[in-house]
Amino acid sequence: MTQIETTVEYSNGYEEDEYMIQEDEWDRDLLLDPAWEKQQRKTFTAWCNSHLRKAGTQIENIEEDFRNGLKLMLLLEVISGERLPKPDRGKMRFHKIANVNKALDFITSKGVKLVSIGAEEIVDGNIKMTLGMIWTIILRFAIQDISVEETSAKEGLLLWCQRKTAPYRNVNVQNFHVSWKDGLAFCALIHRHRPDLIDYAKLNKDDALGNLNLALDIAEKHLDIPKMLDAEDIINTPKPDERAIMTYVSCFYHAFAGAEQAETAANRICKVLGVNQENEKMMEEYEKLASELLEWIRRTTPWLETRVPEKTMSEMQQKLEDFRDYRRLHKPPKVQEKCQLEINFNTLQTKLRISNRPNFMPSEGKMVSDIASAWKGLEQAEKGYEDWLLTEIRRLQRLDHLAEKFRQKASAHEAWTEGKDELLSLKDYDSASITEVRALLRKHEAFESDLAAHQDRVEQIAAIAQELNELDYHDAVTVNERCQKICDLWDQLGTLTQKRREALERTEKLLETIDQLFLEFAKRAAPFNNWMEGAMEDLQDMFIVHTVEEVQSLIAAHEQFKATLPEADSERQAILGIQAEVQKIAQSYGISPDLNNPYSTISTQELSAKWDQVKQLVPQRDGSLQEELARQQSHERLRRQFAAQANLIGPWIQTRMEEIGHCTMEMSETLEDQMTQLKQLEHVIVNYKPNIDTLEGDHQLIQESLIFDNKHTNYTMEHIRVGWELLLTTIARTINEIETQILTRDAKGISQEQMSEFRSSFNHFDRKKNGAMEADDFRACLISMGYDLGEAEFARIMLLVDSSGTGVVSFQSFIDFMTRETADTDTAEQVVASFRILAADKPYILVEELQRELPAEQAEYCISRMPPYAGPEAVEGALDYTSFSTALYGESDL
C-alpha cells in the first residue's frame, strides 16, 4: 500500500488533519475541557497497554512512562512489527531525547508529518503533546488503513459503523461523540457480529449506563478489547471526546475484521451461485421449449407424409383447405418459437462464456442443429405434400373430364347401335321385290358405311376407358363393364353385317331394277347425317384449357367449322332436292306419295331436325367458348396481379437482407448505433407484413381457381415464404448477435474502440467476405495483433474458437476469444478461497457454517449439491467445497 503523508499539529487543542476534519459546530474553547483530557488519558493508556502486554509490560502514567522513550519505541515495534534502532540506555536528558527522536523519526518514516510535537515536550512530560503523539500513532496504525467503499480513516470507520448498525432500532450513528452516549451503538456492533453475546431486543434506550456497562464488559471479556473508558466517563460528559470514542470503536472494527472478510467471501459465493442458478433456469427453459417444438414436428411430419389419395375432387379440395389452415394458423407460431429458441440458446451460451462457465450441451437430440435438421425434414415433407395435393387435384380433374367424355360417347354410340342387331337379323328380302331387294342391298351398303364411320368412335371409347384405368379411376369397374358390352356388341354387329351382305348379294342377281334416286339419296344422306352427328358431338364436346391461347385456339377451330356451314347447307339442299325429285317422279307416274326410300332409314325430316340442332348448337358453342375465354382472361389477370406483387416483394426482401449485412459490417458505427439501425429495419420489416398477407390472398385466389403456372414471374409463393421467413429469422438473429456483443463488451469491460478494432481486424482478414475467417487468415490476424504463435499454441486457440472443427472462425467466436484475452472473471480458485475463509481454513465446511454465512436460498443450494468431504480429519456432516467449486466451472464432475 502506498504510504499517505499525514500532517498532525497539536498545540493547545486539536487541529485539522488529513485523516479527519473536526465538525464545524465544535466550540474551540471546549478543546481544553478537562473531562475530554481525562477520557483521552484513560483511553490512550488502555490502548497502549493492549499492545504493550504482548511485550510483557505496560504503562501506568502516560505522560511519565514515555518520557525516556524506551516504552514508546517498544510500543512502535509491537504495533508495526518492525525493529527500531537500538535505544540509548543512559539516563541523562539527552539520552531520553535521542530515544524519543528515534521514535518520532520512525513515525515520520511512515508518512506522518509531525507539526509542533518535539522530543523535548515528550521528555518534559507535556500531557497535551504526549496525547497528541499517541493520537497520531493511533491514527496511523489503527485507523488509517480502515477502508470501506472507497472511503478511509475516519470516514471509512464511520461508514462501517453506519452500515453495521443500520438495521437496529434507536441507533443512528452520525459522529463519534453523542451518537454513542446511550450505549446502543456499541451493543448493536456486538450483536451484529456476535448475536449470541447480547439479546438486543431486551435493551432499553433510556438505560444508557446499563447499556454501556453491558457492551464494554462483554467486549473486555469475550472480544479481548480492554476497557478503555468507564460508562460514567461517557454519560457524564455533554459531548464525549471524539478521539477516545474513535480509538475505542477502531478496536471493535479490528476485532470484527475476520467477520468482515467472511461476509465478503459470502457475497462472492452468493454472486457465483446466483449466476449458476439463473443459467440452470435458462437451460431448463431451453430443454422444455426444444422438447415441445420437436414433439410438434414429430406429430406433424407423419401427417404431411401421409399420401392417401381420395376418390372425389371435393375430398381432395378439403385436404388442400386443411393444408392451407396449417400454413396460415399452425405453422407461423412454431416458426416464432424456433427463432426464439435459437436466440435463447445463443444468449445462454454468451452468459456462460462471460461467467467463465463451460458451454451448455442440451440433451441428446435437442441441439440447435438437431432442431434445424428436424425443421428441414418438416419443410421437405410440407413441400412434397403440397406438390402431391396439386398433382392429385389435376389427376382427379382429368379423370372427371375423361369419365364425362366416356359417358357421352358411350351413350351416343349405344343410342346408335340400339336395335341394329335386330335389323341385321331380319329376312325381309325373302318376300321383297327386286327393287326392294336392291334397295335393301343399297341400304345395307349405307349401313356398312355408317358402321365403318363408327369404328373410330368405338376405338375412342376403348382408348378413354384404358386411360381411366391407367389413371386409377375410382369407378373403373363400371367403365370396363360398359366398354366391354360396347365392344362385344360391335363384334356382333360386324358378324351380322357380313352375313346380311352375303344374303343380299345372293338375292341381288334376281333383282334388276333399282331406284337410282333413292340410292343416290341414301349414299349422300348417310355421310351427311354422319357428319351432322359428328358435328353435334363436337359442338357438345367438353373441353378443358389452362390458358387464353388454348381457348383462342378452340375459338379459331370453331370459326373454321362455321366457315364450312355454307358448303354443308348446299349439300343439305342437294340431298333434299333428291327427295323432292323422288316425290315429283312419284306424282308424275302415279306412285304412292307414301313411298319410302328402300335404301335409307334417314328421312328429310330427320336431316332437317339435325340441321336445326346443329344451327342451335353453334351459338351455344360460341357462348361457352366466350365464357371460357372470359374465365381464362380472369385467370390471366390473377397471374399478372400476383406477378406484379411478387416481382416487387422478392427484390424488396433481397434488398433488406443486403441492408442487414451492410449494417453489421459497418465499422464506423457503435454497436448501439447498429442496434438502433437494426431495430428501425426490424420495424420496417414488421410493417411490411400486410404486403405478404395481400400476396398470400392473391395466391389463395390462384389456387382456388386451379391455376398451376405463371409465366409473368419467376417467384412462387413458396419462394416468397422462404425469403420472408429467412428475413425474419436473419433480423432477429442479427439483433441477438449485436445484443450478445453489447453484453460481452459491457460484461468484459471492452471499450467501443476495442470492439471497432476487433471488427476492423476481422473484416480485413475475412477475405471471402462471408462472415468467417479460414484458419490461415485467422493465424495472420493474430500475428498482426502481436501474438507469437507456434503450431501447438495455434492449435490450442483453434480448439477454443472452432470447437466443432469446421475450419472457419465466426465473428462471435473471434470476439469471445479476444474478450477472454483482455477481461478478468471469477475463477474456481477464487471461489475455493472464499469458501476456505468461511470454513476458517478447514478443508471442509459444515452445514451450520453455510447457513450462518450465506442467505437461506444460496445455503440450501450448496447443501443440496455439495458432496460429503472424504479427506483426512473429516467430521460428521463435513462437505467438500473444493469439488463443488471446480464443478461450477466445468473443471470436474460432481
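**Figure 1. Arg 501 in helix α18.** Arg 501 belongs to helix α18, which spans residues 476-508; helices (H or I, at least four residues) are DSSP runs numbered from the N terminus. The model is predicted, so local features need pLDDT of at least 70 and side-chain atom pairs count only at pLDDT 80 or more, whereas totals for chains, interfaces and linings use all residues. Residues are numbered from 1 along each chain as its sequence is written, and side-chain values use heavy atoms, with hydrogens and water left out. Arg 501 counts as buried because its relative accessibility is 18%, buried meaning under 20% relative accessible area (1.4 Å probe, protein chains only). Its side chain makes a polar contact of 2.6 Å with the side chain of Glu 448; such a contact is a pair of N or O atoms within 3.5 Å, one able to donate a hydrogen and the other to accept it, and residues adjacent in sequence count only if both atoms are side-chain atoms. Beyond its neighbours within four places in sequence, Arg 501 is in contact (heavy atoms within 4.5 Å) with His 444, Glu 445 and Glu 448.

**Figure 2. Helix α33 and its N-terminal cap.** Among the buried residues are Tyr 881, Phe 884 and Leu 888. Asp 880 caps the N-terminal end, with a side-chain oxygen 3.2 Å from the backbone nitrogen of Thr 882.

Figure 3. The whole structure contains 0 disulfides, a disulfide being a pair of cysteine sulfur atoms within 2.5 Å. The closest cysteine sulfur to that of Cys 483 is in Cys 487, at 4.2 Å, which is too far for a bond. Cys 483 is buried, with a relative accessible area of 11%. For Cys 270, the closest cysteine sulfur is that of Cys 862, at 8.1 Å, again too far for a bond.

**Figure 4. Aromatic pairing of Phe 44 and Trp 135.** Rings of Phe, Tyr and Trp (its six-membered ring) pair if their centres lie within 6.5 Å; planes under 30 degrees apart count as stacked, over 60 as edge-to-face and the rest as tilted. The count comes to 29 aromatic pairs. Phe 44 and Trp 135 are stacked, at 6.2 Å centre to centre and 10° between the planes. Phe 44 lies in helix α1 (residues 34-52) and Trp 135 in helix α6 (residues 127-143), so this pair ties together parts 91 residues apart in sequence.

Conventions. Buried < 20%, exposed > 50% of the residue type's maximum accessible area, 1.4 Å probe, protein only. Helix = DSSP H or I, 4+ residues; strand = E, 2+ residues; numbered from the N terminus.
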